[in-house]
Amino acid sequence: MAGTISKIIHFRDEEEFLDDMTEIMERFSYLASKYGHNPVEGILLWDYIGVQDEEGVKIFRVGEFPYFEGTLKVDLETLRVMERYFDEMESKWDELRVEDIAYFVEMLNDALGREIVYYEAYDLGLDRNTAYIILNLVSLHYLESVLDGRDREIFEEAVELLMRYI
């Protein structure tokens, strides 16, 4: 996409990173609701999994599967197979690597007989304490040029926080 860049970013503390990204996204989402432009087009952590259901692809983290069970629109048999595999992955959380997740996803899709579970972090070269971010520089420049007052402060706080990682 024109005007976008993507970058693998590294961090030391995953919880702090997630808190910071939440703050950044809240600020940019607020600005996007008023001005129609969000500079952050996507973030992918090393343990994000996508599942295709009747409504589209839903993204969640490996350890969050129990919370997503009720939101997935798949048949009960598919759900139970997925639950077994995700329980196995979660039981090995401390030593889990991207290679392990990629292998589990491959085995899971084989067990389901169709490819509905996606894992991109391995192909992107992510590992623990890394994320892949897509930034829209055109949106960033646009917001910088039109904001003033409190909205400019919100923008600058978000950019300053984002720059810690970039």
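Welcome to a predicted model, in which local features need pLDDT of at least 70 and side-chain atom pairs count only at pLDDT 80 or more, while totals for chains, interfaces and linings use all residues. Residues are numbered from 1 along each chain as its sequence is written, and side-chain values use heavy atoms, with hydrogens and water left out.

## The whole protein

The protein has seven helices and six strands; helices (H or I, at least four residues) and strands (E, at least two) are DSSP runs, numbered from the N terminus. Some overall values are gathered here.

| Property | Value |
|---|---|
| Box filled by the C-alpha atoms, along the principal axes | roughly 55 × 35 × 30 Å |
| Accessible surface | about 9300 Å² |
| Carbon and sulfur share of that surface | 48% |
| Buried share of the 166 residues | 39% |

Accessible areas come from the Shrake-Rupley method with a 1.4 Å probe, and buried means under 20% relative accessible area, counting protein chains only. Among contacts (heavy atoms within 4.5 Å) with a separation of 6 or more, 67% join residues 24 or more positions apart.

## A sheet of three strands

Now look for the open sheet with the order β1-β6-β2, where the pairing is antiparallel. Two strands pair if DSSP finds at least two bridges between them. Strands β1 (4-10) and β2 (40-45) are at the edges with a single partner strand each, so one side of each has no neighbour in the sheet. Neighbouring strands here are turned by 15° against each other on average, direction ignored.

β1 pairs with β6 (residues 130-136) over seven bridges. Within that pair, isoleucine 5 sits opposite leucine 135 in β6.

Helix α1 lies across β1, β2 and β6, and runs at about 160° to β2. Axes are lines fitted to C-alpha atoms, for helices over the stretch in contact, and angles run from 0 to 180 degrees between N-to-C directions.

Which helix does α1 (residues 14-35) cross at roughly 145°? The partner is α7 (residues 149-163), and the two axes come within 9 Å. Residues of α1 in this contact include Ile24, Phe28 and Leu31, and those of α7 include Ile154, Phe155 and Leu162. The residues of the contact of α1 with α7 divide into twelve nonpolar, no polar and six charged; Ala, Val, Leu, Ile, Met, Phe, Trp, Tyr, Cys and Pro count as nonpolar, Asp, Glu, Lys and Arg as charged, and the others, Gly among them, as polar.

Note on methods
Buried means under 20% relative accessible area, exposed over 50%, partly exposed in between (1.4 Å probe, protein chains only).
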